[in-house]
Amino acid sequence: MISKTWHKFSKYIFFSYVCIHISSCYSFKGASLSPELKTIQISNIRMETAGGPSNLSLSINEKLKEYFQRNSTLKITSQNPDLQIEGTIVGYDLTPQAPTSDDKAGLNRLTLRVQFQLTNRLDETKNFDQEFSFYQDFPQNQTLSQVEKTLIPKLTDQIILDLFNKIAGDW
């Protein structure tokens with residue numbers, strides 16, 4: 001009888017220890033926008049690089065709007081916004097990686113780079129002009145056209161997440 005009680009108690013102690021340990025290892029800093037911010041304007045993303053699908057800037061623009069609508073209370077507007085985001089695609093690069101013994105690339109890397117400017121009309125100290133980039137590798141036996149449809153969403157999702165974290169988080 002004592003052993004069953006002791007067993008339950010030891011599970012409780014272990015679980016408590018794990019919870020305390022995990023919470024002390026992680027700093028749960030969440031995304032938090034100032035409550036004074038009510039509106040955002042997301043200007044059309046410009047394409048200033050060669051390469052990439054013709055609809056890439058439109059795709060990033062729409063995903064960016066969707067992300068802010070889904071993950072913040074900001075309303076999208078085109079007049080007198082509290083936050084304004086402007087972006088330019090500055091790089092869409094394919095580079096060989098991991099050379100093999102016969103001087104061929106074992107992998108290829110697709111890198112997407114987007115320059116974003118944020119204007120915060122309520123707190124100018126939060127303004128920035130920064131490049132965000134992300135890449136994905138793929139096997140050399142696949143062509144870019146074969147993998148673009150799966151890689152581009154991964155690249156844009158990560159860049160948008162990084163941008164959102166820069167704006168809303170304390171990262």
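Predicted model: local features only at pLDDT ≥ 70, side-chain atom pairs only at ≥ 80, totals over all residues.

Modeller: T156 lies in helix α3. Leaving out residues up to four places away in sequence, T156 touches L56, I60, K63 and L112. L56, I60 and K63 are among the residues of helix α2 that meet helix α3, and helix α2 is the part to examine closely.

The setting comes next. The protein chain has 3 helices and 6 strands, and from the N terminus on these elements run α-β-β-α-β-β-β-β-α. Of its 171 residues, 33% count as buried. Among the contacts in the chain with a separation of 6 or more, 68% are between residues 24 or more positions apart.

Helix α2 itself covers residues 56-71. Its length can be checked by simple reasoning: at 1.5 Å a residue, its 16 residues should span 22 Å, and the end C-alpha atoms are 22 Å apart, which agrees.

Which residues of α2 are buried? They are L56, S57, I60, N61, L64, Y67 and F68. Seen down the axis of α2, these buried residues fall within an arc of 135 degrees, so they line one face of the helix. The face of α2 turned away from the buried side carries the exposed residues L58 and R70.

Two residues of α2 may be considered individually. S57, found in helix α2, is buried because its relative accessible area is 16%, and the limit for buried is under 20%. Leaving aside neighbours within four places in sequence, S57 is in contact with I45 and I89. K65 is also found in helix α2, but K65 counts as partly exposed, at 21% relative accessibility. With neighbours within four places in sequence again left aside, K65 is in contact with I42 and I76. K65 and K75 are 10 residues apart in sequence, and their C-alpha atoms are 9.8 Å apart in space.

The partner of α2 can now be described. Helix α3 covers residues 144-168, and the axes of α2 and α3 come within 10 Å and cross at roughly 45 degrees. The two helices are therefore oblique to each other, and α2 passes α3 in a right-handed crossing. On the α2 side, the residues that meet α3 are L56, I60, K63, L64, Y67, F68 and N71. On the α3 side, the residues involved include I152, T156, I160 and F164.

N80 is placed in the loop between β3 (75-76) and β4 (83-99). At 72% relative accessibility, N80 counts as exposed. Most residues other than glycine have a negative phi. In N80, however, phi is near 50 degrees, a positive value in a residue other than glycine.

Conventions: Residues numbered from 1 in each chain as written. Heavy atoms only, no water. Helix = DSSP H or I, 4+ residues; strand = E, 2+ residues; numbered from the N terminus. Expected span 1.5 Å × (residues − 1). Buried < 20%, exposed > 50% of the residue type's maximum accessible area, 1.4 Å probe, protein only. Arc of directions from axis to C-beta. Axes fitted to C-alpha atoms, helices over the stretch in contact; angles between N-to-C directions. Parallel < 35°, antiparallel > 145°, perpendicular 65-115°, else oblique. Left-handed = near helix turned anticlockwise from the far one by under 90°. Contact = heavy atoms within 4.5 Å.
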